[in-house]
Amino acid sequence: MRVYVPLTLPGLAEAHKTGELGTGPFVAYAVTPALREWYLSDDIEELEYAALSRAALASLRLLAADPGAVRRRVVVAVDVSDGAATADPDRGLDPAALGEVTVAGTVALAKAAAVHVDADDAEEDVAAAAQALQAADGGDDDAQFVVDGADDHELLWFATQEIPSLVGGA
(Lines give C-alpha, C1' and ligand atoms only; values in the text may rest on other atoms or scores of the structure.)
Protein backbone atom coordinates (compact mmCIF):
# COMPACT_ATOMS: atom_id res chain seq x y z
CA MET A 1 0.00 0.00 0.00
CA ARG A 2 1.32 3.44 -0.89
CA VAL A 3 1.04 5.97 1.91
CA TYR A 4 1.83 9.66 1.88
CA VAL A 5 3.62 10.95 4.96
CA PRO A 6 3.31 14.68 5.69
CA LEU A 7 6.49 16.37 6.89
CA THR A 8 8.31 19.69 6.91
CA LEU A 9 11.84 20.23 5.62
CA PRO A 10 13.25 19.95 9.17
CA GLY A 11 11.21 16.73 9.57
CA LEU A 12 12.65 15.41 6.31
CA ALA A 13 16.15 16.35 7.49
CA GLU A 14 15.55 14.37 10.71
CA ALA A 15 14.26 11.39 8.73
CA HIS A 16 17.33 11.58 6.51
CA LYS A 17 19.60 11.70 9.56
CA THR A 18 17.92 8.76 11.33
CA GLY A 19 16.95 6.80 8.22
CA GLU A 20 13.40 6.46 9.57
CA LEU A 21 10.01 8.01 8.89
CA GLY A 22 8.11 8.43 12.12
CA THR A 23 8.41 6.29 15.19
CA GLY A 24 5.09 4.48 14.78
CA PRO A 25 2.35 4.79 15.18
CA PHE A 26 2.12 7.88 12.99
CA VAL A 27 -0.44 9.43 10.67
CA ALA A 28 -0.18 9.22 6.91
CA TYR A 29 -2.65 9.36 4.02
CA ALA A 30 -3.66 6.71 1.51
CA VAL A 31 -6.47 5.61 -0.77
CA THR A 32 -8.99 4.42 1.81
CA PRO A 33 -12.56 3.22 1.25
CA ALA A 34 -13.84 6.54 2.63
CA LEU A 35 -11.61 8.53 0.26
CA ARG A 36 -12.90 6.44 -2.67
CA GLU A 37 -16.48 7.11 -1.61
CA TRP A 38 -15.89 10.83 -1.12
CA TYR A 39 -13.96 11.29 -4.37
CA LEU A 40 -16.37 9.22 -6.47
CA SER A 41 -13.71 7.89 -8.81
CA ASP A 42 -12.28 4.53 -9.72
CA ASP A 43 -9.21 6.08 -11.36
CA ILE A 44 -6.34 5.05 -9.08
CA GLU A 45 -4.13 7.93 -10.25
CA GLU A 46 -6.81 10.47 -9.31
CA LEU A 47 -7.31 8.76 -5.95
CA GLU A 48 -3.57 8.71 -5.25
CA TYR A 49 -3.42 12.42 -6.10
CA ALA A 50 -6.30 13.06 -3.69
CA ALA A 51 -4.41 11.21 -0.93
CA LEU A 52 -1.27 13.21 -1.74
CA SER A 53 -3.30 16.42 -1.52
CA ARG A 54 -4.65 15.41 1.89
CA ALA A 55 -1.07 14.81 3.05
CA ALA A 56 -0.04 18.23 1.67
CA LEU A 57 -2.76 19.83 3.82
CA ALA A 58 -1.45 17.90 6.83
CA SER A 59 2.05 19.19 6.02
CA LEU A 60 0.61 22.71 6.02
CA ARG A 61 -0.75 22.02 9.52
CA LEU A 62 2.74 20.95 10.62
CA LEU A 63 4.12 24.21 9.22
CA ALA A 64 1.49 26.21 11.12
CA ALA A 65 2.71 24.55 14.32
CA ASP A 66 6.40 25.19 13.53
CA PRO A 67 6.94 28.88 12.74
CA GLY A 68 10.69 28.34 12.26
CA ALA A 69 10.34 25.79 9.45
CA VAL A 70 10.92 26.78 5.84
CA ARG A 71 7.48 27.45 4.35
CA ARG A 72 7.42 24.54 1.89
CA ARG A 73 5.08 21.55 2.19
CA VAL A 74 6.76 18.13 2.14
CA VAL A 75 5.17 14.74 1.50
CA VAL A 76 7.06 11.45 1.34
CA ALA A 77 5.47 8.67 -0.72
CA VAL A 78 6.36 5.27 0.69
CA ASP A 79 5.14 1.73 0.18
CA VAL A 80 4.24 -0.26 3.29
CA SER A 81 2.76 -3.71 3.71
CA ASP A 82 -1.04 -3.77 3.57
CA GLY A 83 -1.40 -4.54 7.27
CA ALA A 84 0.99 -1.77 8.34
CA ALA A 85 -1.49 1.06 7.66
CA THR A 86 -5.07 1.10 8.89
CA ALA A 87 -7.93 3.56 8.63
CA ASP A 88 -10.07 4.27 11.68
CA PRO A 89 -13.60 3.13 10.72
CA ASP A 90 -15.13 5.48 13.30
CA ARG A 91 -13.63 8.47 11.49
CA GLY A 92 -14.25 7.14 7.99
CA LEU A 93 -16.53 9.86 6.67
CA ASP A 94 -15.24 12.70 8.85
CA PRO A 95 -14.13 15.26 6.23
CA ALA A 96 -11.07 16.10 8.34
CA ALA A 97 -9.95 12.45 8.30
CA LEU A 98 -10.51 11.48 4.66
CA GLY A 99 -7.65 9.28 3.53
CA GLU A 100 -6.08 9.29 6.99
CA VAL A 101 -4.37 6.09 8.07
CA THR A 102 -2.25 5.11 11.04
CA VAL A 103 1.05 3.43 10.23
CA ALA A 104 1.77 0.95 12.99
CA GLY A 105 5.55 0.99 13.11
CA THR A 106 8.64 2.80 12.03
CA VAL A 107 9.24 2.86 8.28
CA ALA A 108 12.71 3.02 6.79
CA LEU A 109 13.25 6.12 4.66
CA ALA A 110 15.00 3.79 2.21
CA LYS A 111 11.55 2.39 1.34
CA ALA A 112 10.40 5.79 0.07
CA ALA A 113 9.38 5.92 -3.57
CA ALA A 114 9.61 9.71 -3.93
CA VAL A 115 9.50 13.01 -2.11
CA HIS A 116 7.10 15.80 -3.07
CA VAL A 117 8.08 19.35 -2.08
CA ASP A 118 6.89 22.86 -2.92
CA ALA A 119 9.09 24.94 -5.19
CA ASP A 120 10.82 28.00 -3.74
CA ASP A 121 8.28 30.29 -5.41
CA ALA A 122 5.46 28.76 -3.33
CA GLU A 123 6.91 29.88 0.01
CA GLU A 124 5.00 33.17 0.20
CA ASP A 125 1.62 31.56 -0.50
CA VAL A 126 2.37 28.59 1.79
CA ALA A 127 3.39 30.97 4.58
CA ALA A 128 0.14 32.92 4.19
CA ALA A 129 -1.86 29.66 4.13
CA ALA A 130 -0.17 28.39 7.30
CA GLN A 131 -0.97 31.67 9.03
CA ALA A 132 -4.63 31.59 7.86
CA LEU A 133 -5.24 27.93 8.71
CA GLN A 134 -6.70 28.44 12.19
CA ALA A 135 -9.17 31.07 10.96
CA ALA A 136 -10.13 28.85 8.02
CA ASP A 137 -10.78 25.97 10.40
CA GLY A 138 -13.08 28.32 12.30
CA GLY A 139 -15.19 28.95 9.21
CA ASP A 140 -13.64 32.17 7.87
CA ASP A 141 -14.22 32.04 4.10
CA ASP A 142 -11.54 34.63 3.32
CA ALA A 143 -8.99 32.61 5.30
CA GLN A 144 -10.09 29.44 3.49
CA PHE A 145 -9.43 31.20 0.18
CA VAL A 146 -5.88 31.94 1.37
CA VAL A 147 -5.39 28.31 2.48
CA ASP A 148 -6.70 27.07 -0.87
CA GLY A 149 -4.14 29.35 -2.55
CA ALA A 150 -1.38 26.98 -1.44
CA ASP A 151 -3.01 24.30 -3.59
CA ASP A 152 -2.38 26.47 -6.65
CA HIS A 153 1.22 25.27 -6.32
CA GLU A 154 1.83 21.72 -7.43
CA LEU A 155 4.25 19.78 -5.29
CA LEU A 156 7.38 18.91 -7.26
CA TRP A 157 8.55 15.30 -7.52
CA PHE A 158 12.03 14.41 -6.29
CA ALA A 159 13.86 11.09 -6.30
CA THR A 160 14.98 9.88 -2.92
CA GLN A 161 18.60 10.41 -3.97
CA GLU A 162 17.85 14.13 -4.02
CA ILE A 163 16.93 14.29 -0.31
CA PRO A 164 20.41 15.50 0.77
CA SER A 165 20.16 18.53 -1.50
CA LEU A 166 16.58 19.21 -0.37
CA VAL A 167 17.49 19.24 3.32
CA GLY A 168 20.83 21.01 2.91
CA GLY A 169 19.30 24.30 4.03
CA ALA A 170 16.79 22.88 6.52
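**View 1. Salt bridges in the predicted model.** A search of the whole structure finds five salt bridges (a side-chain nitrogen of Lys or Arg within 4 Å of a carboxyl oxygen of Asp or Glu). The model is predicted, so local features need pLDDT of at least 70 and side-chain atom pairs pLDDT 80 or more, while totals for chains, interfaces and linings use all residues. Residues are numbered from 1 along each chain as its sequence is written, and side-chain values use heavy atoms, without hydrogens and water.

**View 2. Arginine 61 and aspartate 137.** The closest N and O atoms of this salt bridge are 2.7 Å apart. Arginine 61 lies in helix H3 (residues 44–65) and aspartate 137 in helix H4 (residues 123–137), so the pair ties together parts 76 residues apart in sequence; helices are DSSP runs (H or I, at least four residues) and strands likewise (E, at least two), numbered from the N terminus. Arginine 61 is partly exposed at 37% relative accessible area; buried means under 20%, exposed over 50%, partly exposed in between (1.4 Å probe, protein chains only).

**View 3. Aspartate 118 and arginine 73.** These side chains meet in a salt bridge at 2.7 Å, N to O. Aspartate 118 is buried at 0% relative accessibility, and arginine 73 is buried at 2%. Shared partners join Arg73, Asp118 and Asp151 into one salt-bridge network.
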